Amino acid sequence: MKEQVIQVHQGAKRIHPKLAKGRFANLRIVMIVLTQLVFYGIPWLMWSGRQAVLFDIPSRHFYIFGAVLVPTDLLYLTGLLMVSAFGLFWWTTIAGRLWCGYACPQTVYTEIMLWIDHFVEGDRNKRLKLDKEPWNFRKIRIKALKYLLIFFVAAWTGISFSGWFVPIRQFVPAIFNGTAGGAAVGAAVFYGFMTWLFGHVMREKVCQHMCPYARFQSAMFDHDTLVISYDTERGEPRGARKKTAAKEETSLGDCINCTMCVQVCPVGIDIRDGLQYECIGCAACIDACDDIMDKMGYERGLIRYTTEAVLNHDYTDKDIKKRLLRPKVVGYGSILLAAAIGLVIGVATRQTLNVDIVKDRGVMVRENKQGLLENTYSLKITNASEETQIVTASVSGFPEIYLTGLPEKGVAVKGGDTLSVPIRVSTQPEYADKGSHPIQFTFRYRNEKAPADQARNIVENASFIGE
């Protein structure tokens, strides 16, 4: 028996996809423009005299337009992640990897790098020819221009990323005059480098070998999931034929074996071999095949978004109900709806003032000049709104208990600020014997422009250490 060697990995051969044109390519352009307008543009928006969206990690304040989130609001971040996760699961069950094909950052930046390739080096055939040419002045000039544009895109992407965490209107000038902070510059360099590495160098290798989503997506797919498929029944047997040849005069299927679907694929697969985990659902092959079908005078849809059940003639592409009213879709959708409703209610009813009570551990208890037992606390008041809040406080827990250190008319906490206020709580010695005693603080807060009867209450428990 002759020994056969199977090569599992054939090396890092650069894929040069042909630029696809058509309705799905146009949709992909729209999605890329929209996502990048959000990523590059939002940090430059202003709101009430500050950056509209800013995740200020050192001060632990997250500004999102009119909302100010603080560390105690991380519960809402958990809710947002749940909504995002189940939204992705739900959508994948219905329509496959549309996220990957149109909005995933890896796809977006790979597509941008391919645009640069096409703009500078030309179409697929010219790029293949250029790669085979020996190095000369022309090739160096073309490659240098391409890498200059790639560097600009990667650098600006890194700067925009840091602009979500530091004020970008001060950060950009600070980069050029050398006064930018080291952490922000480091984050910009790292994100820019990863954009270059993943978007230009690795490209499809990320989807093929690194992305975990490509591996576990099969758990969400079934025979009713909308995926890009080749209609084998209609296309086979494939073969070349003259454009003028009548379809009825040949014994061939509609596929003319032009390989255009392979040439436009950004991950280099042949969709005619069936569904593969490398397929990102970008539909470039659909555009290419439809264009060939138009030229041949054949019906479009040899390669199309469809389901396995449709290809098996269980129902038609127009029968939407059978695709949507399935246990898996309803289950994911119900969880998604519940998580979204919970998140909206939580955000709408959240307290805009947070108070942390910290007991002074240096002096647990002492006797003051009036002969009362006294404990010292520090109030950390965080205003998670845009308006100044007036805060007053009272304490209960003993028949006689007194709070000092906080003005009777209250303290003003500006929007987005955190204020530390030292206070003292005292009581008669006979009420607080040795040990810990529960007490309760009641804080009332209101907008400085609102009347006192519109104040809201916050109740916090604490302990009083007796003698």
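# Cysteines, helices and strands in a predicted model

At 12% relative accessibility, Cys 279 counts as buried, a word that here stands for under 20% relative accessible area, whereas exposed stands for over 50% and partly exposed for what lies in between (1.4 Å probe, protein chains only). The structure is a predicted model, in which local features need pLDDT of at least 70 and side-chain atom pairs count only at pLDDT 80 or more, while totals for chains, interfaces and linings use all residues. Residues are numbered from 1 along each chain as its sequence is written, and side-chain values use heavy atoms, with hydrogens and water left out.

## Cysteines

A search through the whole structure for disulfides (pairs of cysteine sulfur atoms within 2.5 Å) returns zero. Cys 265 accordingly belongs to no disulfide, and the nearest cysteine sulfur, which is that of Cys 282, is 6.1 Å away. Cys 265 is also buried, its relative accessible area being 11%.

## Helices

Helices and strands are DSSP runs numbered from the N terminus, with at least four residues (H or I) for a helix and at least two (E) for a strand. Helix 4 (residues 105-121) packs with helix 5 (residues 124-132) at an angle of about 75 degrees, and their axes are 9 Å apart; axes are lines fitted to C-alpha atoms, for helices over the stretch in contact, and angles between N-to-C directions run from 0 to 180 degrees. That angle makes helix 4 roughly perpendicular to helix 5, on a scale where under 35 degrees is roughly parallel, over 145 roughly antiparallel, 65 to 115 roughly perpendicular and the rest oblique.

Asp 117, His 118 and Glu 121 make the contact from helix 4, and Lys 126, Arg 127 and Leu 130 make it from helix 5, where contact means heavy atoms within 4.5 Å. Sorted by class, this contact of helix 4 with helix 5 has four charged residues, one polar and one nonpolar; Ala, Val, Leu, Ile, Met, Phe, Trp, Tyr, Cys and Pro count as nonpolar, Asp, Glu, Lys and Arg as charged, and the others, Gly among them, as polar.

Further along, Thr 157 lies in helix 6 (residues 137-162) and Trp 196 in helix 8 (residues 182-202). Although 39 residues separate Trp 196 and Thr 157 in sequence, their C-alpha atoms are 9.7 Å apart in space. Is each of these residues, Thr 157 and Trp 196, buried or partly exposed? Thr 157 is buried, with a relative accessible area of 0%, whereas Trp 196 is partly exposed at 33%. Leaving aside neighbours within four places in sequence, Thr 157 is in contact with Phe 39, Tyr 40, Tyr 109, Tyr 191 and Thr 195, and Trp 196, with its own such neighbours left aside, is in contact with Ile 150, Ala 154 and Val 201.

## Strands

Two strands pair if DSSP finds at least two bridges between them, and the following table lists several pairings.

| Strand | Partner | Bridges | Sense |
|---|---|---|---|
| Strand 15 (residues 435-447) | Strand 16 | Eleven bridges | Antiparallel |
| Strand 11 (residues 389-396) | Strand 15 | Eight bridges | Antiparallel |
| Strand 8 (residues 353-359) | Strand 10 | Seven bridges | Antiparallel |
| Strand 9 (residues 366-367) | Strand 10 | Two bridges | Antiparallel |
| Strand 14 (residues 418-427) | Strand 10 | Ten bridges | Antiparallel |

Strand 10 (residues 373-383) has nine of its eleven residues buried, so strand 10 is largely enclosed by the rest of the structure. Of the residues in strand 10, Leu 379 stands opposite Ile 357, Glu 374 opposite Arg 366, and Tyr 377 opposite Ile 423 in strand 14. The hairpin of strand 9 and strand 10 has five residues between the strands, and there Gly 371 takes a positive phi near 80 degrees.
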